[in-house]
Each structure stands twice: as C-alpha cells, then as structure tokens.
Amino acid sequence: MSNALTKAKGFKKSKSGTYLSIGTTAFGALSVVKQAKKARSEHDTLKLVDAVVSAAAIVTGLAILYRELKRLGDDDVLLG
C-alpha cells in the first residue's frame, strides 16, 4: 500500500495532478456562484459574506496551483 500512496503523492505534484486540481477547484467555483446568487436573492448578508470568503479561497488556491505549474516548468502556451 505504501507504493500506491507514494504514487498518489507523486501524481499530486505532477503536471497532470496540478491540472486536475485546477479543474476541481474551478468546478467548486460554480457552487460558490450559486451560493452568492441565492444569498443576494434572499438578502442574507451572512451567506453572502461566506460566499465572498469562499471565492477568495478559490482565487488563492488557483493562484497557488498556477505557481506550481510554473515551478514544474510547464511549456503550455497559456502559461507563457
């Protein structure tokens, strides 16, 4: 089992794993957008603040993942 765990950790630090993490994080943003729309329609300030904080966490997470891709030396055209 430790070999499988080692492979899983290696995948997480790979380009493919980082792209998967970016996709998963971006997908989570859809939920936050729904949450914010619902909070605005219900005039629920506390839920709106929660959505804003969640959005900030997503943006920060994406920035960290982007930095990780740059560190891995990705040659993708989109990353420059």
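Visitor: Where is confidence lowest and where is it highest in this protein?
Guide: This is a predicted model, so local features need pLDDT of at least 70, side-chain atom pairs count only at pLDDT 80 or more, and totals for chains, interfaces and linings use all residues. Confidence is lowest in helix H1 (residues 2-12), at a mean of 53. It is highest in helix H3 (residues 45-71), at 95. That score is pLDDT, the predictor's confidence in each residue, from 0 to 100. Helices are DSSP runs (H or I, at least four residues), numbered from the N terminus.

Visitor: And what is the mean pLDDT of the protein?
Guide: The mean is 83. Of its residues, 75% reach 70 or more.

Visitor: How are residues numbered?
Guide: Residues are numbered from 1 along each chain as its sequence is written, and side-chain values use heavy atoms, with hydrogens and water left out.

Visitor: Back to H3. What span should its 27 residues have?
Guide: They should span 39 Å at 1.5 Å a residue. The expected span is 1.5 Å times one less than the number of residues. The end C-alpha atoms of H3 are 39 Å apart, which agrees.

Visitor: Which residues of H3 are buried?
Guide: Ala51, Ile58, Leu65, Glu68 and Leu69. Buried means under 20% relative accessible area, exposed over 50%, partly exposed in between (1.4 Å probe, protein chains only).

Visitor: What do they pack against?
Guide: Helix H2 (15-41).

Visitor: Is leucine 62 exposed, buried or partly exposed?
Guide: Leucine 62 is partly exposed, at 28% relative accessible area. This residue is in H3.

Visitor: Which residues is leucine 62 in contact with?
Guide: Ile22, Thr25 and Ala26, leaving aside its neighbours within four places in sequence. Contact means heavy atoms within 4.5 Å.

Visitor: New topic. How many salt bridges are there in the whole structure?
Guide: Two. A salt bridge is a side-chain nitrogen of Lys or Arg within 4 Å of a carboxyl oxygen of Asp or Glu. Glutamate 42 pairs with lysine 47, with the closest N and O atoms 3.8 Å apart. Arginine 71 meets glutamate 68 at 2.6 Å, N to O.

Visitor: Where do arginine 71 and glutamate 68 sit?
Guide: Both are in helix H3, three residues apart, so about one helical turn separates them. An α-helix has 3.6 residues a turn, so residues three or four places apart point the same way. Arginine 71 is exposed, at 55%, while Glu68 is buried.

Visitor: What comes just after H3?
Guide: Glycine 73, with a positive phi of about 75 degrees.

Conventions
Helices (H or I, at least four residues) and strands (E, at least two) are DSSP runs, numbered from the N terminus.
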